[in-house]
Amino acid sequence: MRDLLAPFRRRHPGGGPLTCQQLVELVTDYLEGELAPAERARFEAHIAACEHCAAYLDQMRDTLAILGDLPPEALSADAERDLRAAFRDWREG
């Protein structure tokens, strides 16, 4: 199964606290258990201190629970192209 979001994931090495923007960029990796232990600790420290990011994480968990696991073939080529373009524009903006 290909990971459509892999090109958009970012790593934030270092020992300082994460910003809210950095947390948002890491939430998929966190939910998939892909963060390194130090990065996971920084993520969880931010969640413990930031009610808005904690709410965002809960919303992402709820969304995943509602949508379930969609197989890659469920996404048409046109939809994949449009999503990639939207995310590319979002990252550049």
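These legends walk through several close-up views of a predicted model. Local features need pLDDT of at least 70 and side-chain atom pairs count only at pLDDT 80 or more, while totals for chains, interfaces and linings use all residues. Residues are numbered from 1 along each chain as its sequence is written, and side-chain values use heavy atoms, with hydrogens and water left out.

**View 1. The protein chain has 4 helices and 0 strands.** Read from the N terminus, the order of elements is α-α-α-α. Helices (H or I, at least four residues) and strands (E, at least two) are DSSP runs, numbered from the N terminus. Of the 93 residues in the chain, 22% are buried; buried means under 20% relative accessible area, exposed over 50%, and partly exposed in between (1.4 Å probe, protein chains only).

**View 2. Helix α3 covers residues 51–67.** Its 17 residues reach 24 Å from the first C-alpha to the last, close to the 24 Å expected at 1.5 Å a residue. That expected span is 1.5 Å times one less than the number of residues. After α3 comes G68, with a positive phi near 70°.

**View 3. A search of the whole structure finds 1 aromatic pair.** The rings of Y30 and F43 have centres 4.0 Å apart and planes at 15°, so they are stacked. Y30 belongs to helix α1 (residues 20–31) and F43 to helix α2 (residues 37–49), so the pair ties together parts that are 13 residues apart in sequence. Both Y30 and F43 are buried. For reference, rings of Phe, Tyr and Trp (its six-membered ring) pair if their centres lie within 6.5 Å; planes under 30 degrees apart count as stacked, over 60 as edge-to-face and the rest as tilted.

View 4. D58 is partly exposed at 43% relative accessible area, and R61 is partly exposed at 39%.

View 5. R84 bridges to E80, with closest N and O atoms 3.1 Å apart. R84 is partly exposed, at 28%, whereas E80 is buried, at 12%. Salt bridges that share partners join D78, R81 and D82 into one network.

Methods. Salt bridge = Lys/Arg side-chain N within 4 Å of Asp/Glu carboxyl O.
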